Amino acid sequence: MSLQKIAAFSDGAVGGNPAGVWMGEALPTPAEMQRIAADVGFSETAFAAPQGSGWRVRYFSPESEVPFCGHATIALGAALAQRAGDGVFALSLAHAQITVEGRRDGDLVQAALQSPPTRSGPLADGLLNRLLTLFGIAPADLDPRIPPALIHGGADHAVLALRSRAALAAMHYALDAGRTLMLDAGLVTIVLVVVESDQLLHTRNAFASGGVLEDPATGAATAALAGYLRDLGWPHDGAIDVVQGEDMGMRSRLRAEIEPVPGSSIRVSGTARWMRGDE
């Protein structure tokens, strides 16, 4: 067995979202996986063991198991490419069958995942009001082009679109209050997004449900957001680029390729790098 620390969706050789990747012949017990994830301390750790011609995968944050994690999947794709060579790897998750691709590029790996199916729907007024209160956002701060919504791309998220980049940079909330809200509503993260252009967006992802104030790169939420934009008829021209983590000093880049079929999988890609010992 091995435990690696890999930053997914990096901006070349810097930035990205740290993930733990554990690989062994059989998965540990859930209690042991939870302990390892807490010891690693990153927002998520992926655990993978061979199953048939692919891999059985589970994801744990420091405080709980999550059904799907995009950045940990990208990190796993990098680890599998290093172990087995470039290729496409079949992954069996708790509620979906997906793939991840890894291709080595010097000290980096170019990796891409195919998300579970996507879906979206409106936020109930009560939940919307709780979200606005949590972040101190006024209704006038919202961008009407992307209405508040529940979005899904392997896990459930809420999305709030803001009018200005300054408002996004000012995001703040109380961790305990955020955790309570997310657990009550069944949300894995809350996505705040600002549109720079039709194909370039800036996001921040609150992840109090996993015991983390914010995630610097979130592939699952990006897949869900891309699926929602497709549902809205957004002029994405087949793909969007997402910049995340800037306000944390961990700039990350994600690309989501959007097929026209409603609800279909989103391809989310980016660069992965092995972390240095001092990170």
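**Figure 1. Pairing of strands β4 and β5.** Strand β4 and strand β5 (residues 65–66) run antiparallel and are joined by two bridges. Here, strands are DSSP runs of E with at least two residues, helices are DSSP runs of H or I with at least four residues, and both are numbered from the N terminus. Two strands count as paired if DSSP finds at least two bridges between them. Within this pair, Y59 stands opposite V66 in β5. The model shown is predicted: local features need pLDDT of at least 70, side-chain atom pairs count only at pLDDT 80 or more, and totals for chains, interfaces and linings use all residues. Residues are numbered from 1 along each chain as its sequence is written, and side-chain values use heavy atoms, with hydrogens and water left out.

**Figure 2. The hairpin of strands β3 and β4.** Strand β3 (residues 45–51) pairs with β4 in the antiparallel sense, over seven bridges. One of the residues involved is T45, whose bridge partner in β4 is F60. Two residues lie between the strands of this hairpin, and G52 in the turn has a positive phi of about 60°.

Figure 3. Strand β6 (residues 87–92) runs parallel to β4, and two bridges join them. In this pair, W55 stands opposite L91 in β6. Strand β4 (residues 54–60) is largely enclosed by the rest of the structure, because six of its seven residues are buried. A residue is called buried under 20% relative accessible area, exposed over 50%, and partly exposed in between, for a 1.4 Å probe and protein chains only.

**Figure 4. Helix α2 and the glycine that follows.** Helix α2 (residues 70–84) has 15 residues, which at 1.5 Å a residue should span 21 Å; its end C-alpha atoms are 21 Å apart, which agrees. The expected span is 1.5 Å times one less than the number of residues in the helix. As 12 of the 15 residues of α2 are buried, the helix is largely enclosed by the rest of the structure. Among the buried residues are H71, I74, L76 and L80. G85 follows α2 and has a positive phi, near 95°.

**Figure 5. The surroundings of S115.** S115 lies in the loop between β8 (108–114) and β9 (119–122). S115 is buried, with a relative accessible area of 4%. Apart from its neighbours within four places in sequence, S115 is in contact with I98, G153, A223, S265 and I266, where contact means heavy atoms within 4.5 Å.
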